[in-house]
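Visitor: Could we go through this model together? I would like to begin with the sheet and then turn to the cores.

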Amino acid sequence: MTKSLYIAEKPSVAQEFANALKKNWRRGDGFMEAEDAVVTWCVGHLVTMSYPEAYDPKYKRWSLETLPFLPKEFKYQVIDNVSKQFQTVSRLLNRQDVDTIYICTDSGREGEYIYRLVDQMAGVKDKKRKRVWIDSQTEEEILKGIRNARDWSAYDNLSASAYLRAKEDYLMGINFSRLLTLKYGNTISNYLRTDRTVLSVGRVMTCVLGMVVRREREIRSFVKTPFYRVLGTFLGPGQSAGQGDDTAGALSFEGEWRSVEGSRYFGTPFLYKENGFRERKHAVELIDYLSQDPPLTAAVAKIEKKKESKNPPLLYNLAELQNDCSKMFKISPDETLKIVQELYEKKLVTYPRTDARVLSAAVAKEIHKNIGGLKNFAPLSGFAGEILEAGTYKGIAKTRYVNDKQITDHYAIIPTGQGLSALSRLSALAQKVYMVIARRFLGIFYPPAVYQKYSLNLERMGEHFFATFRVLVDRGYLKVADTSQGKKTSPREDGKDKEDGQAGGDAARENPKSGEEIFQKNIDNPEFIRMLGSLKKGTVLSISGFAVKEGETSPPKRYTSGSMILAMENAGQLIEDEELRAQIKGSGIGTSATRAEILKKLVNIRYLALNGKTQVITPSLLGEMIFDVVNASIRQLLNPELTASWEKGLTYVAEGSITSEEYMEKLERFVAGRTGNVLRLNNQYQLREYFDAAAQYYKSGT
């Protein structure tokens with residue numbers, strides 16, 4: 001009797017496949033066997049690329065004379081500490097009674113690569129190979145994946161891109177790390193007074209290091225600029241400054257002066273911006289002018305009232321989830337990935353290493369099953385029941401939350417509705433992450449949140465004050481979305497306003513204290529909201545006083561571990577706006593599967609420091625020195641757009657748009673060209689001034 005062999009990436013996944021197949025299994029050493037089937041597993045990678053000395057012993061010694069190292073045929077070897085499992089897998093793959101191999105490694109580029117290396121090293125021939133592609137580890141999904149398994153040749157392009165990614169990282173890492181270590185290692189060691197320095201350079205990690213160092217230097221070079229705003233306190237109709245504080249205060253609000261056309265300050269050099277002065281004296285001068293001719297009143301010059309809707313956000317991909325968990329729970333992207341991977345392996349959520357934020361049309365047809373499962377999750381049971389009863393899930397396929405064109409390997413991370421019995425046995429943090437995913441998922445079946453927006457323009461003596469209010473009219477999806485986590489802010493102790501400076505490569509940041517963002521203390525007061533609704537053009541309001549509000553510009557913010565993941569996803573741009581990120585999403589730096597690991601490596605080799613409490617990332621002195629070396633030798637490695645273009649090239653290979661040969665030719669040309677350039681350089685001594693400039697910001701020995 002012939003048998004089918006199922007090979008998974010991990011023992012735990014192999015067990016899930018065995019459970020789903022429901023056979024009478026006999027457990028062996030590194031496999032399980034039944035009458036007509038065998039299940040085995042890798043342990044992550046079983047095979048890796050060989051070190052250069054495997055090609056020729058001369059490469060063991062690092063030497064400039066042996067660079068660039070560009071082998072025509074690449075060598076691979078079994079990883080020593082998992083060689084026993086490799087032998088088991090190899091024997092099973094080549095067994096005569098096995099006629100069909102089901103490849104069940106993780107459904108993605110890296111999972112494809114893991115199996116292809118094993119198949120290559122084991123020398124498998126004359127077997128039917130089928131690729132199982134699943135989005136969750138539920139029994140239903142596993143069995144469907146087996147039924148729909150395609151011939152592995154359908155994934156040849158994905159395999160080609162996986163091999164190229166590994167070759168690219170290998171060639172850049174081997175050549176550039178050796179090259180820069182031999183060229184500049186002694187220069188760094190002499191400066192730091194250490195025995196030796198090995199420079200670790202990579203296609204993605206060096207680019208990320210560059211982003212952090214550049215941001216740190218922008219912060220250092222930033223010069224604070226003070227500015228002075230004028231605020232007026234306005235009272236509701238019929239209220240006067242002489243009334244008791246409680247009565248007047250209940251209907252009072254602040255308006256911000258702005259220099260619009262007709263103002264005595266319009267177009268003058270005294271302004272910092274339209275809503276502030278460079279010097280306090282001009283703000284005081286304005287107040288003195290406005291305080292003439294009592295009583296102090298202002299007329300409503302214009303009022304706009306309009307409804308605004310805010311749609312539920314798109315679903316989570318890994319980057320968005322890592323960013324939110326960094327903000328909410330102060331955990332690193334690596335920790336988030338571990339947690340969501342555990343949730344996936346416990347059948348609670350779908351495949352985590354995804355870039356998509358939408359569902360597929362096929363999944364949308366069956367989405368009631370996911371929602372129905374959440375009726376058994378007590379904290380959200382009511383919401384799930386409400387959605388099913390109202391039937392709001394039925395039209396989801398026609399919304400922006402379903403789009404097959406935006407999905408490459410996997411759709412967004414959502415709860416499966418299954419595995420809930422395992423949730424109580426997981427850590428409290430894992431339960432919170434699950435809750436975040438589930439809330440985001442259920443939110444898309446609710447209507448938008450609706451706000452009533454009031455925009456006021458008040459005029460006194462030719463000068464204009466502005467105030468904007470957003471009043472929540474209908475909570476919509478907000479009743480299921482837990483928006484409070486991790487978003488509490490506190491005012492500055494010195495009472496000053498701050499305005500963010502612009503950072504290179506960032507989306508423009510708005511002044512957080514202008515216009516509608518002024519804190520309005522009465523926004524939850526029904527009487528105050530009724531008062532806003534009663535205002536009309538020409539309504540005269542009393543003014544209880546004016547005040548100067550001092551502020552200062554602030555430097556760009558440092559990256560956090562979460563915002564760095566987003567910046568990597570968007571090719572170096574830290575785009576704060578969630579909707580804008582969805583619109584411009586393209587090639588990123590690294591992939592959803594690798595970004596957390598890259599960041600973790602940079603921290604482990606002490607090029608970067610990660611504050612465990614705040615998740616803020618800063619460079620070390622060594623990291624800055626590595627940056628200066630790369631900047632003076634292979635500057636292209638620091639370019640986020642160029643680094644992202646390499647990743648885009650791999651996508652083109654996976655899509656079949658370009659061939660492996662075309663990509664490899666470009667890669668070898670890049671490595672050889674940059675190596676030749678560095679070999680001709682003689683700039684080691686010139687680096688000292690850059691090292692000195694960085695070192696002044698670090699204590700001795702750090």
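**Sheet and cores**

Visitor: How do strand S1 and strand S4 pair?

Guide: In this predicted model, strand S1 (residues 3-8) and strand S4 (residues 37-41) are parallel partners, joined over five bridges.

Visitor: And which residue in S4 is the bridge partner of Leu5?

Guide: Leu5 has Val38 as its bridge partner in S4.

Visitor: What is the order of the strands in the open sheet?

Guide: The order is S2-S3-S4-S1-S7-S8-S9, seven strands with mixed pairing. Strand S2 (26-28) and strand S9 (150-151) are the edge strands, each pairing on one side only.

Visitor: Which strands does helix H2 touch?

Guide: Helix H2 (residues 83-93) packs on the sheet and touches S1, strand S3 (31-33), S4 and strand S7 (98-104). Its direction makes about 150° with that of S4.

Visitor: What does helix H3 lie across?

Guide: Helix H3 (residues 109-122) lies across S1, S7 and strand S8 (128-131), and runs at about 165° to S8.

Visitor: Changing topic: how many residues has the largest nonpolar core?

Guide: That core has 90 residues, and Leu93, Phe176, Leu180 and Met564 have the most contacts inside it. Helix H5 (residues 156-192) gives the largest share, 15 residues.

Visitor: What is Phe176 in contact with, leaving aside neighbours within four places in sequence?

Guide: Phe176 contacts Leu171, Val201, Ile634, Leu637, Phe670, Val671, Arg674 and Thr675.

Visitor: And which residues does the second core include?

Guide: The second core is separate and has 78 residues, among them Leu337, Leu374, Leu380 and Tyr451.

Notes: Residues are numbered from 1 along each chain as its sequence is written. This is a predicted model: local features need pLDDT of at least 70, side-chain atom pairs count only at pLDDT 80 or more; totals for chains, interfaces and linings use all residues. Side-chain values use heavy atoms; hydrogens and water are left out. Two strands pair if DSSP finds at least two bridges between them. Helices (H or I, at least four residues) and strands (E, at least two) are DSSP runs, numbered from the N terminus. Contact means heavy atoms within 4.5 Å. Axes are lines fitted to C-alpha atoms, for helices over the stretch in contact, and angles run from 0 to 180 degrees between N-to-C directions. A nonpolar core is a set of buried Ala, Val, Leu, Ile, Met, Phe, Trp, Tyr and Cys residues joined through side-chain atoms within 4.5 Å. Buried means under 20% relative accessible area, exposed over 50%, partly exposed in between (1.4 Å probe, protein chains only).
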